[in-house]
Amino acid sequence: MEDVLTENPPPSRFFQEDLNNFVQPPESIPSPFIIFSNPKPELPLRPSLLIIAISSPSLYVFHNLPSKTLLGSLIMPEVPFSGNTMEPSLEDKSCNIYSLSSTDDKNLILLISVQLPVSPERSNLVSRLLIGQDIIPERVIILDSIQSRNFRGRLSPDETLAAKLETSAEKKATTHTGLVNLDYFPSGSVIDGLSASLLSRCQLKNIRGTLVISWPEFGPSVIRFVGALLKKIVPSLDVASVNKDLEKNSSKTGLKKDTWLDSDLYT
């Protein structure tokens with residue numbers, strides 16, 4: 001006699017697409033958008049250089065740069081505002097847009113600090129907002145970290161290194177300020193997420209774009225490296241205050257990854 005509890009169930013009379021008709025569709029999430037400060041600048045902004053910080057070291061450097069002006073913020077409806085402070089903080093889940101000069105300046109330089117999580121499904125939407133609509137840059141530099149799981153080779157936690165990926169327009173350019181000595185990201189390694197989407201957006205729009213990936217993900221050495229790299233790209237940047245604050249906070253030894261993020265260095 002067959003055991004009805006252990007026997008395979010008979011085939012369903014419904015097709016898989018018919019079964020999905022009984023499932024309530026998920027609620028759609030509103031699209032992200034940018035809010036500009038008052039007075040609202042004339043759009044679209046056309047900076048000569050747009051630098052986007054995604055990695056923790058680059059976010060730390062951006063946060064400690066003096067003489068930057070907040071122009072606006074990118075809002076992700078699925079990311080709550082709870083826990084954010086009134087003044088910009090490294091602990092906030094935010095995406096702020098800063099300028100280093102007047103928006104009327106022909107050599108306008110914009111900085112974007114991406115401190116909120118962006119899912120792979122939303123990366124293309126965010127990339128379109130940051131590049132090619134309200135902001136049309138001549139050149140883009142994206143700063144991110146190497147993910148050890150995506151890197152083909154061994155990574156030492158005591159070694160600071162960096163590599164780059166470029167769009168076709170950047171490779172054809174005659175000037176490569178500050179980035180010419182960086183090696184290309186090794187073949188077989190993978191870049192994904194928002195940084196890959198931003199670089200793809202630059203390629204699609206025929207914009208000079210460079211993705212700089214650094215290692216390790218945290219630590220004073222890579223912060224100093226990122227600061228020195230930005231100084232080469234933008235000589236007018238004042239990174240002295242960044243190094244001074246870093247020396248004050250890096251006296252703590254034996255900091256692990258989570259301790260580094262939760263320390264006074266990121267408050």
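Over the face of which residue does Lys 68 lie? In this predicted model, Lys 68 is placed over the face of Tyr 98, at 5.4 Å from the ring centre. The protein has 267 residues, of which 45% count as buried, and its secondary structure comprises eight helices and nine strands.

**The chain as a whole**

- Among the contacts in the protein with a separation of 6 or more, 77% are accounted for by residues 24 or more positions apart.
- The protein exposes about 15600 Å², and carbon and sulfur atoms supply 51% of that area.

**Rings and the charges over them**

- A search of the whole structure for aromatic pairs finds zero, although rings do take part in arrangements with charged side chains, including that of Lys 68 and Tyr 98.
- The ring of Tyr 184 has the charged end of Lys 164 sitting over it, at 5.0 Å from the ring centre.
- Lys 164 also forms a salt bridge with Glu 166, in which the closest N and O atoms are 3.3 Å apart, and both Lys 164 and Glu 166 are buried.

- Side chains of opposite charge can pair when their charged atoms come close.
- The count of salt bridges comes to four, and one of them joins the side chains of Glu 78 and Arg 122, with 3.0 Å from N to O.
- Because Glu 78 lies in the loop between strand E3 (69–75) and strand E4 (95–99) while Arg 122 lies in helix H3, this pair ties together parts that are 44 residues apart in sequence.
- Glu 78 is partly exposed, with a relative accessible area of 34%, whereas Arg 122, at 9% relative accessibility, counts as buried.
- Another salt bridge is formed by Glu 170 and Arg 208, whose closest N and O atoms are 2.8 Å apart.
- Since Glu 170 belongs to helix H4 (residues 168–172) and Arg 208 to strand E9, the pair ties together parts that are 38 residues apart in sequence.
- Glu 170 counts as buried, at 1% relative accessibility, and a network of salt bridges links Glu 170 with Arg 139 and Arg 208.

**Helix H5 and its surroundings**

- Helix H5 (residues 193–204) has 12 residues and reaches 17 Å from its first C-alpha to its last, which is close to the 16 Å expected at 1.5 Å a residue.
- The buried residues of H5 include Leu 194, Ala 196, Leu 198, Leu 199 and Cys 202, and Arg 201 is also among them.
- These buried residues pack against several elements, among them strand E2 (49–53), strand E5 (109–114), strand E6 (139–145) and strand E7 (161–166), and the list of partners also includes helix H3 (120–130) and strand E9 (208–215).
- H5 is followed by Asn 206, whose phi is positive, near 55°.

- Gln 133 lies in the loop between H3 and E6 and is partly exposed, with a relative accessible area of 39%.
- Although Gln 133 and Leu 43 are 90 residues apart along the chain, their C-alpha atoms are separated by 8.9 Å.
- When its neighbours within four places in sequence are left aside, Gln 133 is in contact with Pro 44, Arg 128 and Arg 201, and Arg 201 is one of the buried residues of H5.

Notes:
Residues are numbered from 1 along each chain as its sequence is written. This is a predicted model: local features need pLDDT of at least 70, side-chain atom pairs count only at pLDDT 80 or more; totals for chains, interfaces and linings use all residues. Side-chain values use heavy atoms; hydrogens and water are left out. Helices (H or I, at least four residues) and strands (E, at least two) are DSSP runs, numbered from the N terminus. Buried means under 20% relative accessible area, exposed over 50%, partly exposed in between (1.4 Å probe, protein chains only). Contact means heavy atoms within 4.5 Å. Accessible areas come from the Shrake-Rupley method with a 1.4 Å probe; for residues, only the protein chains shown count as cover. Rings of Phe, Tyr and Trp (its six-membered ring) pair if their centres lie within 6.5 Å; planes under 30 degrees apart count as stacked, over 60 as edge-to-face and the rest as tilted. A charge sits over a ring if NZ of Lys or CZ of Arg is within 6 Å of the ring centre and within 35 degrees of the ring normal. The expected span of a helix is 1.5 Å times one less than its number of residues.
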